[in-house]
Amino acid sequence: MSFAELNLIPELQRAVADEGYTEPTPIQAKAIPAVLERRDIMGCAQTGTGKTAGFTLPMLQLLAPYANSSPSPARHPVRALVLTPTRELAAQVSDSVKAYGKFMKLRSTVVYGGVDMQPQTKALREGIEILVATPGRLLDHVQQKSVALGQVEILILDEADRMLDMGFLPDIRRILALLPAQRQSLLFSATFSDEIKKLANQMLRNPTLIEVARRNAPADLVKHQVYEVQALRKRALLVQLIRSRDMKQVLVFLRMKRDCNKLARELVRDGINATAIHSDRTQAEREQALTDFKEGRATVLVATDIAARGIDIEELPFVINYELPYTPEDYVHRIGRTGRAGMPGEAISLVCPDEHRLLADIEKLLKRAIPRETAGESSDERPRRSRPEEREPRDEAPKRHSSTPPPAPRPMVAADGFDFNKPYQPSTAAAERVAAPPPPRLRSTRPTAALLGGLLGKDKK
Ligand code: AMP
């Protein structure tokens, strides 16, 4: 299937070709025709499936008749509103809108909190057809009357589950009340809790349900390891791992934002370039930290779960859980930061005795035990205890060929003695929640079919 077969207008076909996309991803193949038919959509899809283009491309096409280059703000009312939970995701969606819409005379901007409102106000007052926003800052602008939403025709809620997790429901309701009742609404969510279903019932009319299977499960792309270590020894072990394995780019997760700066400072004292990203830092500081990390000036980025959402770093080789998260799903989100674009990645967890319960929950969610490593052994001295293919050096992994020995059986007993040979019975709540990580981001230069593992045929019904 090609983008032309989806009846995309030539301006959009050119833009996707410029991005290097050769064929639509499964969610795009399903969502684009439905959105073009002006249907409401309930999309169950995670980041990395190509969902942004799945809603942005048809949105741009529906707005094409409004394209104009008049300088008058009155000729550019907001026609489409995209709400996202985080600033980082808002910025990414906005970049996609600009990239896919670059051959169209439609204006767009993005507003999110933590930065000066003035430039945002100016852009809004000049008039824009497409507005990407986080809910709180959007309401600030509504209050200051820098934006009117009375002509919105298309509303998109991206990562709706995250928005609810972050307490945005009241803000979303306020925003819904400002929109025309007659509109097209699209809701995307990785998980479907009762709350999401309720919201969907309220805001969607006879929606088309679009589900795409998760991309590769975490175990397929990511090598998981656990180092059992006393809490007080964690920092020394982290430094040792970074040095002995010559890690050049490591995302380190902590639970509390107040600990992030401290660890980053201590690592710098240990001679390792480190920076921190968490929600107490200003937007400018967060962007600087991310840029330093992406461009290699910082080896380590210390982050909380919330701050790391929406971070898109291609081919991030290492994620280290300095502390395990309280919910196993967050582990899956964390490790989804590596193993992207089909590249192998490593997820290393430093686990102290207090965290064994959390580890057991993670292993149950993954339905496998994670191999244990012992602190103090250098990687060269380690006995062979993990799967043979897991021991390949990173740079050789893509060259793997048929002489690679077959994988040894997975460890079958979790930290708390849970036996994986027995059928796993998730709790009802757990079963409702996500059981796999946000899938790897796709690299636009790679063939889509290979990246998506031919998921089209495997989509959940
Ligand atoms: P998303 O799930 O929207 O965050 O997209 C994940 C990644 O997939 C982004 O880096 C996109 O540039 C890329 N992508 C989206 N659509 C395609 C496509 N049809 N072919 C190849 N890559 C794509």
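This is a predicted model: local features need pLDDT of at least 70, side-chain atom pairs count only at pLDDT 80 or more; totals for chains, interfaces and linings use all residues.
**Entry 1: the ligand**

I started with the residues around the ligand. There are 15 of them, and Tyr-21, Gln-28, Gly-48, Gly-50 and Thr-52 come nearest. Sorting this shell by class, I got eight polar, four nonpolar and three charged residues.

Next I looked up polar atoms facing the ligand's oxygen atoms. Tyr-21 has a polar side-chain atom 2.5 Å from a ligand oxygen. Thr-52 also places a polar side-chain atom 2.5 Å from an oxygen atom of the ligand. With Lys-51 it is a polar backbone atom, at 3.3 Å from a ligand oxygen. How much of the ligand's accessible area does the protein cover? I found 93% of the 500 Å² that the ligand has on its own.

**Entry 2: the cores**

I then turned to the largest nonpolar core, which has 38 residues. Leu-57, Met-59, Leu-60, Ile-130 and Ile-156 touch the most other members. Several elements give two or more residues to this core, including helices H1 (10–19) and H4 (87–100) and strands S4 (130–133) and S5 (154–157). Which element gives the most? It is H3, with seven residues.

Beyond its neighbours within four places in sequence, Ile-130 is in contact with Met-59, Leu-60 and Leu-63, among others. Its list also includes Ala-80, Val-97 and Leu-106, as well as Arg-107, Ser-108 and Thr-109. Another core lies apart from the largest one; it has 33 residues, among them Leu-138, Leu-139, Leu-179 and Met-203. A reminder to myself: in soluble globular proteins, nonpolar side chains tend to be buried together.

**Entry 3: His-278**

I found His-278 in the loop between strand S10 (274–277) and helix H13 (283–294). Is His-278 buried or exposed? It counts as buried because its relative accessibility is 4%, under the 20% cut-off. Leaving aside neighbours within four places in sequence, its contacts are Lys-257, Cys-260, Asn-261, Arg-286, Thr-304 and Ala-307. I also noted Ala-303: it is 25 residues from His-278 in sequence, while their C-alpha atoms are 5.8 Å apart.

**Entry 4: Ser-349**

My last stop was Ser-349, in strand S13 (residues 345–351). With a relative accessible area of 1%, Ser-349 is buried. Its side chain makes a polar contact of 3.0 Å with the side chain of Asn-321. Past the neighbours within four places in sequence, Ser-349 is in contact with Gln-225, Val-226, Tyr-227, Asn-321, Leu-324 and Tyr-331.

Definitions and conventions:
Residues are numbered from 1 along each chain as its sequence is written. Side-chain values use heavy atoms; hydrogens and water are left out. A residue is near a molecule or strand if one of its heavy atoms lies within 4 Å of it. A polar contact is a pair of N or O atoms within 3.5 Å; within protein, one must be able to donate a hydrogen and the other to accept it, and residues adjacent in sequence count only if both atoms are side-chain atoms. Accessible areas come from the Shrake-Rupley method with a 1.4 Å probe; for residues, only the protein chains shown count as cover. Ala, Val, Leu, Ile, Met, Phe, Trp, Tyr, Cys and Pro count as nonpolar, Asp, Glu, Lys and Arg as charged, and the others, Gly among them, as polar. A nonpolar core is a set of buried Ala, Val, Leu, Ile, Met, Phe, Trp, Tyr and Cys residues joined through side-chain atoms within 4.5 Å. Buried means under 20% relative accessible area, exposed over 50%, partly exposed in between (1.4 Å probe, protein chains only). Helices (H or I, at least four residues) and strands (E, at least two) are DSSP runs, numbered from the N terminus. Contact means heavy atoms within 4.5 Å.
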